Amino acid sequence: MIPQIHKQGSNTLGLLNYLYGKGTHEVHVDPHLVASFDHMAPDPGRDPNATKQDLQHLLDQPLHLLNPDQRPEKHVWHCSVRVAPDDPVLTDEQWADIARRIVAATGIDPGDGAGCRWAAVRHADDHIHIIATLVREDGRRPDHHRSGKRAQAEARLIENDYDLHRVNPGDGTAARRPTSAERHKAQRHGRVTTPREQLRETVRRAVAGATSESEFFGRLTASGLVVRRRTAPSGDLLGYKVALPDDLNKEGHPVFYPGSKLAPDLSLPRIRERWSADVTPDPSSNTSTNQISGPAAARRRASTAAWQAVLVIDHGTDAKAAAHIAGTGEVLDALATTSAPHTMRELRDAARAFERATRSHIRAERGHDRALRQAARDLIHGGPAAGHGEDGATTAMVIDMLFFLVTAAAHWHAKKDHAQQAAAAHQTARHLRAAYQAAAPPPMAVLHRRGRNLPHTLRHQQTATLYRAVPELADQILTEPGWPALAATLADTETAGHNPAALLTEATQRRELDTADSVSDVLVWRLRRMAEVPADPSTLSDSSTLARSHAQSPVPPPSRKAAEKALGAVRS
């Protein structure tokens, strides 16, 4: 349930004309009164002898208790209360009870017998409008300070009492929602999203990994936005506002939105905080990519940054954790911007959902997110990724790492009672899971085939390694479809000169695996990143692996008895 307090007005009759009229955006059906301050107010909707002027005069009578110079200029209080689309249709009696609870909670009519006069009008199944005059019966002004927050708190109780869709309580850090006028204008013009939402997403992508004002504004201009800068008389830049070139007002001018009205952290001062710890290209960042270049190298570096960020969120201070969560939003924006078509929709949905998780009352200590911001910058400058080869495989790798990162963010927010942020992070994880399912099948299929074709002795050796390194997970992994891919990866890490058992132990101990759909899949990507072997197995030759055994015939997955026998041979 969403109660919304609208701007105070001065024309009671004008608002009543709208509420009882046909509607300008939505079609009003059967407008009628469901409740009022005295249970006896005239209803112009269903009483043919009642007029809107009658109701207006009744509501405004307390104004006449005051001298003209004492009357408030904006005396009309207006609150709409809407339920979710999947909620049941409430009766008039239920809406009447809800209206009385809202006016009591907000201080409009607290139940002391001298509250403001009000009326609740219903003209649709899913919402009501409450109109009130902001002068009490005793001539005093009502105590309706912070009425929006008070209405929200009461709505949470109403949801529970009426078994309605639960809305997570907010903390005042969410981005502004589009107004009803903005939504209806977008619908009239055939837009899928409102200009406010589109601008917010475009500005977020422009700031991802940016290191200066010139780079940021250059990206905004390149994206096709109309940009206006606000400067002081001294010439210093104070702020900015943006508009879509085809979103015009009645005079034919672009409709501008300041950055601070798009989201609290998109004001110019808040964006400058990100640049306080300047992100510069790290010359050593290519040392772990061997011959991999371009988008694939950027995705590998982002995977490493994500892995390190998980540990900070789990064990760092609140300010550091908040910074890493904010930096995660930039990585998601950059990844979505440079993704291949088959993963683009889910990754953009993931970035859009996580935007709500990037802000809370715990202020991010900027600078600690440098590695993530550098990763976002690398992704942007690495360019668009192909949907196959090393680009495609490293996309699956970074999505897998980001899944665990946003899951860690969800747990962190939940522990802090940040309900909306935790829900947003969980929603992001669902989108990332879907993106992974689109990105992973090609490289995993090659790995699976390589694993099935491993020689008999090498397969048994990898099984023994599994039981030696992670005995508590071995039985589960051996039954998973991804085990052959993991066996091939263990062989590749050993060929690259690593101890596969040691890597496997490290990969499982540094982060829980309970949220993984497939433990073997997760370990494949962790091991290939840690061992610095190509994510795309098709770039490797089977000859180096096969040469380590004279047995060439493929075998089926080993039984538990065979695995124990192999493990015993290794131990002896």
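Select Arg300 and Glu390 to begin: both residues are buried, where buried means under 20% relative accessible area, exposed over 50%, and partly exposed in between (1.4 Å probe, protein chains only). The two form a salt bridge whose closest N and O atoms are 4.0 Å apart; a salt bridge is a side-chain nitrogen of Lys or Arg within 4 Å of a carboxyl oxygen of Asp or Glu. Arg300 belongs to helix α10 (residues 295–315) and Glu390 to helix α14 (residues 389–415), so the pair ties together parts that are 90 residues apart in sequence. Helices (H or I, at least four residues) and strands (E, at least two) are DSSP runs, numbered from the N terminus.

The model is predicted: local features need pLDDT of at least 70, side-chain atom pairs count only at pLDDT 80 or more, and totals for chains, interfaces and linings use all residues. Residues are numbered from 1 along each chain as its sequence is written, and side-chain values use heavy atoms, with hydrogens and water left out.

The structure holds 38 salt bridges.

Move to Arg117 and Glu137, whose side chains meet in a salt bridge at 2.7 Å, N to O. Arg117 lies in strand β4 (residues 116–122), while Glu137 lies in the loop between β5 (127–136) and α4 (147–162), so this bridge ties together parts that are 20 residues apart in sequence. Arg117 is buried, with a relative accessible area of 11%, whereas Glu137 is partly exposed, at 28%.

**Strands β2 and β4**

Five of the five residues of β2 are buried. The two strands, β2 and β4, pair in the antiparallel sense over four bridges; strands count as paired if DSSP finds at least two bridges between them. Ala35 has Ala120 of β4 as its bridge partner.

**The sheet β6-β7-β8**

Now display the open sheet of three strands, ordered β6-β7-β8 with antiparallel pairing. Its edge strands, β6 (226–231) and β8 (257–258), each pair on one side only. Strand β7 (residues 237–243) is joined to β8 by two bridges. Val242 has Tyr257 in β8 as its bridge partner.

Two helices pack on this sheet. Helix α6 (residues 195–207) touches β7 and β8, and its direction makes about 125° with that of β7. Helix α7 (residues 213–222) touches β6 and β7, with an angle of about 15° to the direction of β7. Axes are lines fitted to C-alpha atoms, for helices over the stretch in contact, and angles run from 0 to 180 degrees between N-to-C directions. Contact means heavy atoms within 4.5 Å.

Within α6, select Glu201 and Arg205, which lie four residues apart, about one turn of the helix. They form a salt bridge, with the closest N and O atoms 2.6 Å apart. Glu201 is buried, with a relative accessible area of 12%.

**Helix α13**

Select helix α13 (residues 370–382) next. Its 13 residues should span 18 Å at 1.5 Å a residue, and its end C-alpha atoms are 18 Å apart, which agrees; the expected span is 1.5 Å times one less than the number of residues. The buried residues of α13 include Arg373, Arg377 and Asp378. Among the elements covering the buried residues are α6, α7, α9 (268–275), α10 and α11 (318–337). Just after α13, Gly383 takes a positive phi of about 85°.

**Trp525 and the cores**

Finish at Trp525, in helix α21 (residues 519–530). Is this residue buried or exposed? At 0% relative accessibility, Trp525 counts as buried. Beyond residues up to four places away in sequence, Trp525 touches Ala393, Ala396, Met397, Asp400, Met401, Tyr436, Pro443, Met444 and Ala535.

The largest nonpolar core has 83 residues, of which Ile399, Leu402, Leu466, Leu486 and Trp525 touch the most other members. Helix α14 gives the most to this core, with 15 residues. Apart from it lies another core, of 40 residues, among them Val76, Trp95, Ala132 and Ile158. A nonpolar core is a set of buried Ala, Val, Leu, Ile, Met, Phe, Trp, Tyr and Cys residues joined through side-chain atoms within 4.5 Å.
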